[in-house]
Amino acid sequence: MVGIRRPDDSGFSQAEWDLLSAHPHPVATSAEVDDGPVRTVLLDVALVAWRDPTGTVVVAPDRCPHRGSRLSTGRYEDGVLACPYHGLRFGEAGRCVGIPFAEPDEPLPAGLHLGAVAAEERYGLVWVRLTDDDRPLPDWSALEAQGRQRGSCWPEIWQASALRHAENFNDLAHFAFVHTGTFASPVPNVPRIEVEADGDVLRSTVVMRQLDRLTFDGPEVEVETTYRYTWHLPFASELVIEYPGGRTEWICDVAAPVTASTCRVYVEKARDHDLDQPVGAWIGFQEAVNTEDAVVLAGLEPPAPGLVVTGEVHLRSDVVSVAARRWFRARLADQG
């Protein structure tokens, strides 16, 4: 595996970069890579993802080692990616497999091999680890259970740090003020929250009142629902919503840190009801919820607060984010 270093101009401190690079993050959807090479950025590192001749996803630095050309703009055919500048060809595991103008017996310099970062496809996403750490993916196996319908939101860049996004996803107190156009009860209701911390996972369960709708055609009547949150630190979360009548919805959300002040948000969903209905209205409703959040987060100051946030006052409703911030503070302290 290629050795990835923190870029000199990165907005992350070295300690923050080392901590985050040790965890898996998504860099693309499987569908995006099916369409050809994809340029993506993670932790200020530009990457290219493509499928090699075996159909396996390869993720490597988006830079030809010959003269630094952007490989993601090159020609792609039969699983081989060609540099747009001099035509060097790259295949399985990012290895250079040919130089168009080389002599028949001319050896390939070892330095031409890209070296791929560790990549894994799961839940419809391509996850990578920029270091040799083998930390596991979040457990979103509920998405793959039988008798459920799947849906995916198209990933979007949010003008907010990944921490801001993850905190917002696990926050209850903003519903009545931000989600007035989608699902929120107009009366703020935030029950007391108990947080269970288990290593890199935070869990909480609450009963919430909301409108009984998963699409804009849903009824605008209030019902009691049970919310079960699982936050896989640093930035992946699962929310299980149990509606009246035994209906359940799973929302799996992860913010990949593109830069210190932006993230790319991926949302995968499942439901155990309305299985005969198309997913378009359901996904469109989720994307409307996401837009309500994204608008607010884009205006938060500072836009890149870092992983140890200071200068903010906590409320009773902030117990989950407080627990997460303690986790970040402790992990960064472990970095020395």
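This is a predicted model: local features need pLDDT of at least 70, side-chain atom pairs count only at pLDDT 80 or more; totals for chains, interfaces and linings use all residues.
The largest nonpolar core comprises 78 residues. Within this core, the residues that touch the most other members are Leu130, Trp140, Tyr227, Phe235 and Phe328. For Tyr227, the partners beyond four places in sequence are Leu172, Phe175, Phe183, Ser204, Thr205, Val206, Met208, Gln210, Leu239, Val240 and Ile241. Another core, of 15 residues, lies apart from the largest one and includes Val48, Val58, Cys96 and Leu114.

Helix α1 spans residues 14-21, and its buried residues are Glu16, Trp17, Leu19, Leu20 and Ser21.

Glu238 is located in strand β15, which covers residues 236-243. This residue is buried but forms no salt bridge. Arg148, the nearest side chain of opposite charge, is 7.2 Å away. With neighbours within four places in sequence set aside, Glu238 contacts Asp139, Trp140, Ala142, Phe169, Arg228, Tyr229, Thr230, Trp250, Ile251 and Cys252. Among these contacts of Glu238 is Trp140, itself one of the residues that touch the most other members of the largest core.

The largest pocket holds about 600 Å³ of space. Its lining consists of 26 residues, of which Glu167, Asp171, Asp318, Ser321 and Arg325 are the closest to the centre. At least two lining residues come from each of the helices α3 (162-169), α4 (175-178), α5 (280-297) and α6.

Technical notes
Residues are numbered from 1 along each chain as its sequence is written. Side-chain values use heavy atoms; hydrogens and water are left out. A nonpolar core is a set of buried Ala, Val, Leu, Ile, Met, Phe, Trp, Tyr and Cys residues joined through side-chain atoms within 4.5 Å. Buried means under 20% relative accessible area, exposed over 50%, partly exposed in between (1.4 Å probe, protein chains only). Contact means heavy atoms within 4.5 Å. Helices (H or I, at least four residues) and strands (E, at least two) are DSSP runs, numbered from the N terminus. Lys and Arg count as positive and Asp and Glu as negative; His and the chain ends are not counted. A salt bridge is a side-chain nitrogen of Lys or Arg within 4 Å of a carboxyl oxygen of Asp or Glu. On a 1 Å grid over the protein atoms alone, a cavity is a set of points where a 1.4 Å probe fits but cannot get out, and a pocket is an open set with protein on both sides within 12 Å along at least five of seven lines; lining residues have an atom within 4 Å of a point. Grid points are joined across faces, edges and corners, and a volume is the space filled by probe spheres set on the points.
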